[in-house]
Every structure is written in structure tokens, then in C-alpha cells.
Amino acid sequence: MKVFSFRRLTALTRIKLRSVSLRFGLAYAVLFIGSAMLFLSFIWWGTVGLIERQTEQSITSDAHLIFNALQLHKDTSLNTLINERLEQDIDDNALYLLVNKNGKRITGNLIEWPSVIKTTHSWYTILVKRVDIDNVAKVRAYDMPGGERLLIGRDMRGLTELSHMLTKVLLWVCVMIALLAFSGGLLTRRLLRRIISSISRTTSAITQGDMTRRLPVHGQDKELDAVSATVNEMLDRIARLMDGVKQVSNSIAHDLRTPLTRARNQLEEAVIHATNEDELRAVINQTIRGLDHLTNICSALLRIAQIEAGARRSAFTQFDFVAILHDIIEFYEPVAEEENLKLTHSFPETLMFFGDRTMFQQAVVNLVDNAIKFSPAGGVITLSLKVISPQPDQKSSHPQMELIVEDQGTGMTEADMARATERFFRADQARNTPGSGLGLSLVQAIVQLHGGTISLSSTNPGLRVVITAPLSLA
Amino acid sequence: MRILLVEDDPTVKSFIVRGLKEAGHSVEYADNGKDGLALATNVQFDIIILDRMLPSDVDGLHIVEALRKKNDATPVLLLSALSDVDEKVAGLQAGADDYVTKPFSFSELQARIDALVRRNRNDPQLPLTRLAIGDLEIDLLSRTAKRAGQKIDLQPREFRLLEFLMRNAGQVVTRTMLLENVWDYHFDPQTNVIDVHISRLRQKIDKPFGRPLVHTIRNAGYMLQE
């Protein structure tokens with residue numbers, strides 16, 4: 001039974017000690033008591049220690065004086081010298097004892113030579129027998145030239161009393177400090193608990209599905225507010241990602257199931273109704289094209305998801321943005337000519353950019369692709385790139401690049417522009433052109449990964465896409 | 001050609017095996033990494049096709065790494081459902097020679113196998129300075145092209161396109177292969193940019209000479225052939 005309860009006790013302590021707030025409280029108390037002890041030992045050393053050192057000094061100087069007097073006045077006897085001193089001692093603090101070679105008492109105010117004192121020139125704090133009373137004293141023995149031995153000492157009664165008093169005071173101070181430390185610890189613990197429980201209440205609400213909850217930012221506590229703000233930022237990001245996931249699952253439900261259904265229906269119809277091999281082949285080929293389109297959609301979706309997860313920042317390098325633009329213009333020039341479109345551009349000589357080269361190639365290709373698709377014959381497509389210096393009111397102070405792709409095509413309505421970067425969104429006039437509705441989503445994901453922005457505006461007619469991004473993500 | 005296929009999915013396996021056998025190759029296959037590695041190390045193949053992800057702890061990457069460690073330079077083509085650029089880079093860094101993402105068309109696979117085997121047969125010690133097919137020839141040093149003794153003016157990129165077609169003469173090259181090798185673009189544009197580039201090239205090397213050398217292979221790509 002006893003063993004059992006002991007075990008429970010240790011288990012309880014272990015659990016309690018795992019509580020962070022309790023540990024903080026304890027640490028606070030230990031620190032407080034430790035510093036108080038250090039402070040008190042300084043006081044002790046400064047008072048009791050000082051008095052002891054002064055006593056020792058007074059004894060050695062007394063001995064010095066006696067030896068000097070003996071040398072100066074050869075005729076004066078040691079006996080008279082000591083008696084004179086005893087008479088002059090008003091405080092009754094000084095102790096002297098002179099014994100002869102055989103240890104027999106010659107003079108002094110002590111009854112006999114203390115047996116513990118065997119060596120000369122070393123300090124003793126002992127109980128001595130005085131003529132009138134016994135008390136604790138600090139003494140030191142000296143060998144005299146005549147073979148006698150002299151004991152000089154100082155009564156320590158006052159010091160003993162002082163040290164008793166000090167001990168008592170210090171003990172009380174210790175008790176007070178311990179109390180203070182303990183209550184301080186408790187207070188720290190309660191404070192910490194309150195903070196933590198506010199965080200844990202919010203986070204558990206979020207765990208249960210309430211993504212709208214955020215940690216309070218009071219503006220009273222700088223450090224804590226910083227933590228709360230960071231956690232809130234993280235929650236915002238999670239919420240955005242969750243929205244993305246929701247959007248993707250909606251998209252999968254609609255935009256992937258539709259082509260799947262079409263493929264399935266085509267095959268089923270062919271199985272039932274096809275009368276010869278040629279008809280079957282035609283349907284199968286059609287289905288393969290449909291599935292290829294579906295594959296493209298899957299790859300694009302995965303690519304967007306992967307870019308949004310931000311995993312590819314490690315592949316960032318420094319590259320010349322102008323060079324990839326020239327390549328893309330050269331790449332599209334024949335198509336543009338074929339469609340009777342004009343590709344014009346205004347670029348600086350070079351523009352070094354830090355980011356993912358392949359991604360930006362794809363982003364620009366997507367934009368030029370769109371521009372070509374929606375431009376009527378005779379239209380002009382303009383690509384321009386420049387460095388813009390940071391605006392003073394903007395958050396980032398880094399220079400940015402600005403890429404504009406402008407066409408004179410069908411353009412978009414205000415409402416469509418607002419939704420253009422959504423996954424699978426296709427404006428009504430785009431329904432009959434090939435495409436997946438993922439091109440601009442991909443561009444946006446790429447630009448955002450590089451800390452930039454994308455904005456669409458109308459050029460009446462036509463569309464202007466403006467991409468800005470910091471030259472390097474610092 | 002002797003081809004080793006390591007692929008665990010039975011449908012994909014029979015699809016590839018059948019296609020390769022029809023093309024006149026002899027195919028050995030394994031459905032797991034351990035058997036695949038054993039075959040690859042003990043038998044000399046012309047090309048090895050590996051699924052990137054395989055059951056058991058030996059996957060496609062392990063096999064390539066093991067082969068390359070033994071200084072076995074047999075061309076390796078990785079098949080994978082992982083379309084990530086990073087995954088591709090990892091595969092090529094491990095020592096694979098090419099990477100085809102699932103799902104793929106058989107013509108794409110066939111074209112890449114041919115290109116790999118051909119590349120491997122060209123002796124790298126003796127770099128080619130001149131390529132010729134029929135009456136069309138290009139000089140890789142002066143970057144000039146001639147047909148029937150007549151000089152043809154080509155843009156730098158057109159020359160690279162022609163060079164790639166000539167290096168793979170007699171074999172199908174797909175649009176994706178052209179994008180990757182001529183433009184270094186690892187994504188597909190929506191518009192038919194490649195077709196337009198090919199048609200421009202035809203204007204220069206075929207049209208004035210009557211007999212066409214660049215052929216369109218339906219549902220697959222292009223081929224340069226006499």
C-alpha cells in the first residue's frame with residue numbers, strides 16, 4: 001500500500017513537472033532564491049568577515065608594538081608591559097597570557113595556557129578561561145626572546161552576538177524571499193497558462209473546423225503579439241491553401257469528370273453501335289485525343305499545385321530575362337506571321353533576374369499563346385520589359401521587373417478579368433478555342449512563387465497582362 | 001535489338017512488349033526491381049526501359065545507379081507517372097538517358113528508344129562534322145546546309161531543327177522531342193508552333209527541290225527520310 005501511494009506520488013510529480021508553466025514558475029523561484037543567497041553572502045562577508053579581519057589586524061599590530069617596545073627599552077620587563085596594557089584596556093576586550101619556559105603562568109588575564117594551542121604564529125578561535133569568565137576569543141601565540149611564550153587575543157563576544165543576530169535576520173529574509181519567489185512563480189505560471197490557454201482554445205477551435213478563428217493581437221505585449229501575428233499569418237496561408245484544395249476538388253468533379261464521361265460514352269456507344277472496324281477506329285482515335293487532353297489537364301493541375309506548395313525555390317538561379325523573351329519571340333514569329341499578326345517588343349539590353357528559368361519560360365509562353373489565340377488577323381502583340389524602381393509606399397524596397405504582354409484581341413469583360421486566374425475558368429468567348437482554362441492559373445502560381453503580382457486590364461479592344469516581380473527574392 | 005523492360009503494371013507491360021515485338025525487337029521483361037537488376041547486370045541489352053517506381057525496395061533509380069556504378073553504359077529510358085521537373089532531373093542525374101512521362105503514346109516511346117540507341121551507336125570519340133541524307137548535307141562546323149549542291153539559307157534555330165532531324169534520320173521524332181532538344185522547352189504550348197516551324201523548314205529544303213525529305217507521320221511526329 002505504501003509503495004503504491006509512493007509510486008502515485010512520483011507519477012504525479014512527473015506529470016506536474018512536465019507542465020511548462022510549472023517549470024517556468026519553479027525556474028523563476030530557483031533563480032530568485034539563488035540571487036538572494038548570493039546577495040546575502042555578500043552582506044555576511046562584508047560584516048562578520050570584516051570584523052574578524054579587523055580583529056586579526058589589531059592582534060598583529062599589538063604584537064608588533066610589544067616587540068618594538070621591548071627592543072627600544074631594554075630595561076622594561078615584558079611583565080610590566082602587559083600589565084600596563086591590561087590596565088589601559090577599557091573595553092575589557094584584550095586578552096594576554098605570558099608563560100615561562102615550563103608553561104607556568106607569569107601574568108595576564110587568562111587562567112591557563114589553552115591546551116589546543118601548540119604552534120605559534122597561527123590563528124585560533126577558541127573558548128578561553130579568563131580570570132572572571134569564559135568566552136570565545138581569537139588568539140595567536142608568539143615566542144619571546146627570553147624563552148617565554150605570549151598569547152595575545154581579542155574577546156569575540158560582540159561578534160558572536162552580531163553573527164547570531166545576522167543569522168536570524170538572514171533566515172527571516174530567506175523565508176520571505178522563498179515566499180516571494182514561490183508566489184512569483186505561481187503568478188508566472190498563471191500568466192503563462194492564460195496566454196497558452198488562449199492559444200490552445202483558438203487552435204482547438206480551428207482543429208474542429210472553424211478556420212475563421214484567429215489569435216488575439218492586443219498590442220500590449222510585443223513579443224507575444226509577434227508570435228500571434230506569425231501564427232495568424234500561417235493560418236491565413238493554410239486557409240488559402242485549403243480554398244485551393246476545395247477549388248481543385250470542385251474542378252476535378254466538374255472539369256475532369258466531363259471529359260471522362262465523354263470518353264466513356266463514346267466508347268460505350270461504339271461497342272453497341274459500330275458496324276465496322278473503321279467506325280470503331282475513328283471513335284477510339286477520338287477518345288485517345290480526349291484522354292490526351294485530360295492528361296494535359298492533370299499535368300497542369302499538378303504543376304500548379306507543386307508551384308503553389310513553393311517546393312521549387314531551391315532551383316532558383318540568376319538568369320537573363322531578356323534572353324528568354326527573345327527566344328520566345330523567335331519561337332512564335334512563324335506562327336504570328338502565318339496568322340498575319342505582328343509581334344513587337346521593347347526590352348532593355350539585359351535584365352538579370354533571380355528565379356526559376358523554366359517556369360518563367362512557360363509563363364511567358366502561356367501569355368503569348370493566349371495573345372495569339374485571341375488576336376484577329378492584322379493584330380499587334382506587344383511584349384515589353386523594364387525595371388521599375390520601388391515606390392516609397394510599397395512594402396518591399398527592392399527593384400522590380402515589369403513585364404507587359406498586350407494584344408488587340410477580343411479582350412475580357414471586367415467580371416471575366418476578375419476570375420481569369422481561377423482554375424478552369426474560361427470566358428464565354430473562349431469556349432470554342434482549344435485550352436484548359438489553366439494557363440493563367442499557372443502564370444499566377446509562378447509569379448506568386450517569385451513574390452510578384454499579376455494584373456489584367458482592358459486595352460479596348462484587347463487585353464493587357466502586367467506582371468511585376470522583385471529582381472531577387474531577398 | 002535486345003530490349004529489357006522492367007515494369008510492374010501488366011497492362012502497360014503487355015502494351016509495350018507487343019509494340020516492341022511488332023517493331024521486330026526481342027524483349028525480356030521483369031516485373032520487379034530485383035529481377036530487373038539481375039537481368040540488367042547479367043545480360044547485355046541494347047537498351048533498358050525502367051519504370052521509375054517499382055514494388056520492393058529496388059526501384060528504377062536504384063537500377064540505373066547500380067548499372068552506372070559498374071560502368072555499364074547501356075542506354076536507359078525511365079518511365080514514370082511522376083511528371084515533376086525535379087523528378088526528371090533526379091532521373092537523369094542518376095544516369096538515365098531519357099525520361100518518358102506516363103501516360104505516353106507508343107510512337108513517343110518508340111521514337112525515343114530509336115534516338116537513344118542511335119546516339120549510343122555514334123562513336124563519341126569521333127565527333128561528326130558532316131551529316132548527309134540523299135542530296136541534302138549539312139556541315140556542323142560551318143553551320144551551313146546544301147541540297148543538290150545548292151546552298152540553303154537557314155536561321156540558327158532552323159539549322160538546329162534540321163540538325164536534330166538529320167541526326168535521327170529514318171526515325172520518327174515527336175513534337176515533344178523537338179521542343180526539348182531544339183528549344184530546350186520542357187512543356188507543350190497550346191498552339192501548333194512546331195508544325196509551323198517544320199512547314200517553314202520544308203519551304204526551304206523541300207519545296208525548291210521537288211522530292212520531299214521531311215515527312216509527317218500521323219499521330220506521332222516527323223521523320224527525315226529519302
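Of the 474 residues of chain A, 37% count as buried, where buried means under 20% relative accessible area, exposed means over 50%, and partly exposed covers what lies in between (1.4 Å probe, protein chains only). This is a predicted model, in which local features need pLDDT of at least 70 and side-chain atom pairs count only at pLDDT 80 or more, while totals for chains, interfaces and linings use all residues; side-chain values use heavy atoms, with hydrogens and water left out. Residues are numbered from 1 along each chain as its sequence is written, and chains are lettered from A and ligands numbered from 1 in the order in which they are written.

Chain A holds 10 helices and 12 strands; helices (H or I, at least four residues) and strands (E, at least two) are DSSP runs, numbered from the N terminus. Among the contacts in chain A between residues at least 6 apart in sequence, 59% join residues at least 24 apart, a contact being heavy atoms within 4.5 Å. The accessible surface of chain A comes to about 28,500 Å², and carbon and sulfur atoms account for 59% of that area. Accessible areas come from the Shrake-Rupley method with a 1.4 Å probe, and for residues only the protein chains shown count as cover.

Chain B, with 226 residues, has 49% of them buried. Its secondary structure consists of eight helices and 12 strands. Of the contacts in chain B with a separation of 6 or more, 57% are between residues 24 or more positions apart. Chain B exposes about 11,000 Å², with 48% supplied by carbon and sulfur atoms.

In helix 6 (residues 277-308) of chain A sits Thr287(A), which is buried at a relative accessible area of 4%. Leaving aside residues up to four places away in sequence, Thr287(A) touches Ala263(A), Gln266(A) and Leu267(A). Val175(A), by comparison, belongs to helix 4 (residues 157-207) of chain A and is partly exposed, at a relative accessible area of 40%. Together with Trp172(A), Met176(A) and Leu179(A), Val175(A) makes a nonpolar surface patch of about 450 Å². Patches are made of residues with over 30% relative accessible area and no salt bridge; like charges are joined within 9 Å, and nonpolar side chains (Val, Leu, Ile, Met, Phe, Trp, Tyr) within 5 Å.

The two chains meet, among other places, through a pair of helices. Two packed helices are described by the angle between their axes and the distance between the axes. The axes of helix 7 (residues 321-338) of chain A and helix 8 (residues 193-205) of chain B come within 9 Å and cross at roughly 80 degrees. Helix 7 of chain A and helix 8 of chain B are therefore roughly perpendicular to each other. On the chain A side, the contact is made by Glu330(A), Phe331(A), Tyr332(A), Pro334(A), Val335(A), Glu337(A) and Glu338(A), and on the chain B side by Val193(B), Ile194(B), Val196(B), His197(B) and Arg200(B). Here the axes are lines fitted to C-alpha atoms, for helices over the stretch in contact, and angles run from 0 to 180 degrees between N-to-C directions. Angles under 35 degrees count as roughly parallel, over 145 as roughly antiparallel, 65 to 115 as roughly perpendicular and the rest as oblique.

Charged pairs come next. Side chains of opposite charge can pair when their charged atoms come close. A salt bridge is a side-chain nitrogen of Lys or Arg within 4 Å of a carboxyl oxygen of Asp or Glu, and by this rule there are 28 salt bridges over all chains. One of the pairs is Glu330(A) with Arg157(B), whose closest N and O atoms are 2.8 Å apart. This pair crosses between chains, from helix 7 of chain A to helix 6 (residues 156-167) of chain B. Glu330(A) is partly exposed, with a relative accessible area of 30%, whereas Arg157(B) is buried, at 13%.

Within chain A, Asp62(A) forms a salt bridge with Arg85(A), with 2.6 Å between the closest N and O atoms. The partners are 23 residues apart and link distant parts of the chain, Asp62(A) in helix 2 (residues 20-72) and Arg85(A) in helix 3 (residues 78-88). Asp62(A) is buried at 4% relative accessibility, while Arg85(A) is partly exposed at 22%.

Asp195(B) lies in helix 8 of chain B and Arg175(B) in helix 7 of chain B, 20 residues apart. Asp195(B) counts as partly exposed at 25% relative accessibility, as does Arg175(B) at 32%. In helix 7 (residues 175-183) of chain B, the buried residues are Met177(B), Leu178(B), Leu179(B), Glu180(B), Val182(B) and Trp183(B). Glu180(B) is also linked with Asp98(B), Glu108(B) and Arg112(B) in a network of salt bridges. Just after helix 7 of chain B, Asp184(B) takes a positive phi of about 60 degrees.
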